[in-house]
Amino acid sequence: MTLYQAEDRSKTRREKSKEAIALAMESRWDEAVAVNRSILEQFPQDIEAYNRLGKALLEVGEYSEACSAFTKALQLSP
């Protein structure tokens with residue numbers, strides 16, 4: 001991966017993270033779930049995305065999936 005590609009991936013990650021946060025601030029939880037899942041497809045080690053995903057899943061009543069997301073965040077950063 002070139003430096004340009006790495007910078008582009010980092011920019012994409014920041015933009016998606018901002019989008020996920022904005023959706024959560026507007027209580028658009030289903031959309032926040034989708035955006036955080038898309039982040040994790042590209043960045044499977046993103047602890048913050050797992051935490052945001054867990055919160056969004058709690059808000060839509062998906063408790064088991066929320067627990068899994070929080071557990072994954074803890075596994076990555078005990």
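Author: Buried means under 20% relative accessible area, exposed means over 50%, and partly exposed lies in between (1.4 Å probe, protein chains only). The model is predicted, so local features need pLDDT of at least 70 and side-chain atom pairs count only at pLDDT 80 or more, while totals for chains, interfaces and linings use all residues. Residues are numbered from 1 along each chain as its sequence is written, and side-chain values use heavy atoms, with hydrogens and water left out.

Reader: Why is serine 27 called partly exposed?

Author: Its relative accessibility is 48%.

Reader: Where does serine 27 lie, and what is its phi?

Author: Serine 27 is in the loop between H1 and H2. Helices here are DSSP runs (H or I, at least four residues), as strands are (E, at least two), numbered from the N terminus. The phi of serine 27 is positive, about 55°, although this residue is not a glycine. Most residues other than glycine have a negative phi.

Reader: What makes alanine 49 buried?

Author: Its relative accessible area is 0%. That is under the 20% limit, so alanine 49 counts as buried. Alanine 49 belongs to helix H3.

Reader: Which residues does alanine 49 touch, beyond those up to four places away in sequence?

Author: It touches Asn36, Ile39 and Leu40. Contact means heavy atoms within 4.5 Å. Alanine 49 and isoleucine 21 are 28 residues apart along the chain, and their C-alpha atoms are separated by 9.7 Å.

Reader: What makes glutamate 48 partly exposed?

Author: Glutamate 48 is placed in helix H3. Its relative accessibility is 49%, so it counts as partly exposed.

Reader: How do you know that cysteine 67 is partly exposed?

Author: The value is 47% relative accessibility, which puts cysteine 67 in the partly exposed class. Cysteine 67 sits in helix H4. From cysteine 67 to arginine 13 is 54 residues in sequence and 23 Å in space, C-alpha to C-alpha.

Reader: Why are H2 and H3 called roughly antiparallel?

Author: Helix H2 (residues 29-42) and helix H3 (residues 47-59) pack at about 150°, with axes 9 Å apart. Axes are lines fitted to C-alpha atoms, for helices over the stretch in contact, and angles run from 0 to 180 degrees between N-to-C directions. Under 35 degrees is roughly parallel, over 145 roughly antiparallel, 65 to 115 roughly perpendicular, and the rest oblique. H2 and H3 are therefore roughly antiparallel to each other. Residues making this contact include Trp29, Val33 and Ile39 of H2 and Ala49, Leu53 and Leu57 of H3. They divide into 10 nonpolar, 1 polar and 4 charged. Ala, Val, Leu, Ile, Met, Phe, Trp, Tyr, Cys and Pro count as nonpolar, Asp, Glu, Lys and Arg as charged, and the others, Gly among them, as polar.

Reader: What makes H3 roughly antiparallel to H4?

Author: H3 and H4 pack at about 160°, with axes 8 Å apart. That angle makes H3 roughly antiparallel to H4. Among the contact residues are Ile47 and Leu58 of H3 and Ala66 and Phe70 of H4. This contact has 11 nonpolar, 2 polar and 3 charged residues.

Reader: What makes a nonpolar core, and which residues touch the most other members of the largest one?

Author: A nonpolar core is a set of buried Ala, Val, Leu, Ile, Met, Phe, Trp, Tyr and Cys residues joined through side-chain atoms within 4.5 Å. The largest has 17 residues, and Ile39, Leu53 and Leu57 touch the most other members. Helix H1 (3-25), H2, H3 and helix H4 (63-76) each supply at least two residues. H2 gives the most, with 6 residues.
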